[in-house]
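Welcome! Please take a moment with the sequence and the 3D view before reading on.

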Amino acid sequence: MRREPLINALIVVGLLAVPLWAYMADEPYVITLTTKVVILALAGVGLNLALGLGGLVSLGHAMFFGIGGYAAGILASHAQSYDPIMEWPFLIEGTQSMPVIWLLAIVVSALVALATGALSLRTSGVYFIMITLAFGQMFYYFTISWPAYGGEDGLSIYVRDHFPGLNTLDPIQFYGLCFVILLLALFVVARLARSGFGLALNAARQNEARVRAVGIEPYRLRLMAFIISGAITGLAGALYADLNRFVSPTMFSWQTSGEIMVFVILGGVARLFGPVAGAALFILLEEVLGGLSEYWHIYLGALLLIVVLFARGGLIGLLAGQGKGDDDD
Amino acid sequence: MTDAILDIRGISKSFGALKASDDVSLDLRAGEIHALIGPNGAGKSTLIAQIAGSLKPDTGEVWLEGRNVTLDGPVARAQAGLGRTFQISSLAMEDTVLQNAVLGALGARHRAPGLWRPVMKQADLRDTAMAALSEVGLDEFAHFRTADLSHGQRRQLEVAVALTLKPHVFLMDEPMAGLGADGSALLVNFLHGLKSRAPILLVEHDMDAVFQLADRISVLVYGRIIATGTPDEIRANSQVREAYLGEEDDA
Ligand SMILES: Nc1ncnc2c1ncn2[C@@H]1O[C@H](COP(=O)(O)OP(=O)(O)OP(=O)(O)O)[C@@H](O)[C@H]1O
Ligand SMILES: [Mg+2]
């Protein structure tokens, strides 16, 4: 039961050691790959709050990932072309400042989560899955058919956005930034999970009637969870845009939603570090199996099947055993 | 009528052709245990659900402490002072016993649960929860996973969670089921003391317990209340003997 914190610590050490080694050995590709792991893990940490703690099977989280990505892409493209976003009633210019971009990514994702969540959370089960999927697809088709920002071709960020005091073009510095953000998000989610909100949200997942009977409305808890969840995934989208220096409608596609969910399931639903372990395993498989066969997704599918059938706690559950049911937190 | 804390007025509810509640009126007064008895499928749980707000009556009204709460949902009614236990244990099974009780204490605060402070470290919630658990004799099991409790212990936990709410009215749907003779005797004692804190509408199949505890008894058959009265009146009622108690005498 106490093994999970140790495993989490080992994962953190690994996320420090691998890029450090790559830096020494002058392997920038490995640093980039680890950065990708960290950013995708962040997207999964967002989803895990809704899915793991809240039991909300959202197949629309690509929506937030894409919003974050386009927040970065659109602001940067205006800054690059010195073309203000709007001049009236007041002047808003583009920017390449990461903190501003992140803020926008978080705020817009949260607002969209509020609007879409308020509607979709009135349903449950399969209907909830379908509605979130539909919202995601709406954004996907909208960006494809929106020529102002590249349409199907997407948008390029020619020079990576800036962060005060850092050279973000240096892979190891950009990695450090992403890593710190992931740790912060994990901290926030851990606090949420242990709070009264987390207790009630998790109880509502297990037994809705119980939560109502003590005078707490599950709908509000879930909406709050969905908003915070969307905001975190949105932030990940902004970082992902800067990693690739490119955004495209693919970020909004349902395949992206599916992949984020795969990270969570592979690593362990409702486990704090589940999405981190899942994203790492996913990227590793993509690199190793992807090199061997174009059809590596078949193997991924088989692995997923095994996890869902035999190892519900995912990778973390396999390593740490049955956690949970711990009330000294 | 003025001293009725809970007042159910002419409630009817049909499921298709089945009349689960047929013009049911009953009230609950301060300091009393009002038992609701009746054969399986009589509509007792359906009535409790309508009083608790999780099921809407087709017609009729529910008044709580002089307020018409018919249109309120279960959350508003819980906040207004209704504490219920479910016939089929309705708990967060993956959580610990203490966590379930703390959830109740959290709800009793009547404000949105905090997002940041660790809930299990809040002394006031823990104290309320532990006090309720020891009242029902579950304090030693506080750190058990709820799923690992026996059936009877889950019934006790249902009662403990209701206690944490400090309700003005208790609705209890078969709290003794599965408790065994010793457990039942303890709970009978406990409920007898509890009614001075808040009146109890008690659905129960255990007739010994009912006749020991109840100040008044209502008999529900096919969704209709066929009699309401003191235990002695109910025992003497020929209609009740025929429809319900008589069967037990023969058995
Ligand atoms: N949601 C529902 N839809 C259709 N029929 C229902 C529904 N809920 C209850 N019923 C029916 O209404 C009748 C009353 O059920 P209820 O559960 O209230 O009985 P009860 O008196 O609590 O019985 P028991 O002593 O077995 O708990 C039963 O015939 C039941 O099948
Ligand atoms: Mg019943």
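Here is a short tour of this predicted model, from the meeting of two chains to a few single residues.

Chain A and chain B bury about 3000 Å² between them.

**Where chain A meets chain B**

- The contact draws on 31 residues of chain A and 36 residues of chain B.
- Of the area buried between chain A and chain B, carbon and sulfur atoms give 60%.
- Between these chains there are two salt bridges, and 15 residue pairs are in polar contact, both residues being at pLDDT 80 or more.
- On the side of chain A that touches chain B, the elements giving two or more residues are helix 6 (171-194), helix 7 (196-206), helix 8 (208-213) and helix 9 (218-244) of chain A.
- Helix 7 of chain A gives the most to that side, with eight residues.
- Sorted by class, the side of chain A that touches chain B holds 14 nonpolar, seven polar and 10 charged residues.

**A closer look at Glu94(B)**

- You can find Glu94(B) in the loop between strand 6 (82-85) and helix 3 (97-107) of chain B.
- Glu94(B) forms a salt bridge with Arg205(A), and their closest N and O atoms are 2.9 Å apart.
- The side chains of Glu94(B) and Arg205(A) also count as a polar contact, at 2.9 Å.
- Along the chain, Glu94(B) and Phe144(B) are 50 residues apart, and their C-alpha atoms are separated by 9.9 Å.

**Two domains within chain B**

- Chain B is divided into domain 1, made of 1-81 + 168-251, and domain 2, made of 90-166.
- The contact between these domains takes 13 residues from domain 1 of chain B and 11 residues from domain 2 of chain B.
- Taken over C-alpha atoms, the centres of the two domains are 25 Å apart.
- Which three residues supply more than any other three of the area that domain 1 of chain B buries against domain 2 of chain B? They are Gln79(B), Phe170(B) and Phe190(B), which supply 37% of it.
- One salt bridge is found across this domain interface, and three residue pairs are in polar contact, with both residues at pLDDT 80 or more.
- Strand 7 (169-173) and helix 6 (180-194) of chain B are the elements that give two or more residues to the side of domain 1 that touches domain 2.
- The largest share of that side, three residues, comes from strand 7 of chain B.
- By class, the residues on that side of domain 1 of chain B are seven nonpolar, three polar and three charged.

**A stop at Thr256(A)**

- Thr256(A) lies in helix 10 of chain A, which covers residues 254-267.
- Thr256(A) has a relative accessibility of 13% and therefore counts as buried, the cut-off being under 20%.
- The side chain of Thr256(A) reaches the backbone oxygen of Thr250(A) at 2.7 Å.
- Leaving out residues up to four places away in sequence, Thr256(A) touches Ala62(A), Phe65(A), Thr250(A) and Met251(A).

How values were computed. Residues are numbered from 1 along each chain as its sequence is written. Chains are lettered from A and ligands numbered from 1 in the order in which they are written. This is a predicted model: local features need pLDDT of at least 70, side-chain atom pairs count only at pLDDT 80 or more; totals for chains, interfaces and linings use all residues. Side-chain values use heavy atoms; hydrogens and water are left out. Helices (H or I, at least four residues) and strands (E, at least two) are DSSP runs, numbered from the N terminus. A polar contact is a pair of N or O atoms within 3.5 Å; within protein, one must be able to donate a hydrogen and the other to accept it, and residues adjacent in sequence count only if both atoms are side-chain atoms. Domain bounds come from an automatic or database domain assignment. Contact means heavy atoms within 4.5 Å. Buried area is the accessible area (1.4 Å probe) that two parts lose on being put together, summed over both. A salt bridge is a side-chain nitrogen of Lys or Arg within 4 Å of a carboxyl oxygen of Asp or Glu. Ala, Val, Leu, Ile, Met, Phe, Trp, Tyr, Cys and Pro count as nonpolar, Asp, Glu, Lys and Arg as charged, and the others, Gly among them, as polar. Buried means under 20% relative accessible area, exposed over 50%, partly exposed in between (1.4 Å probe, protein chains only).
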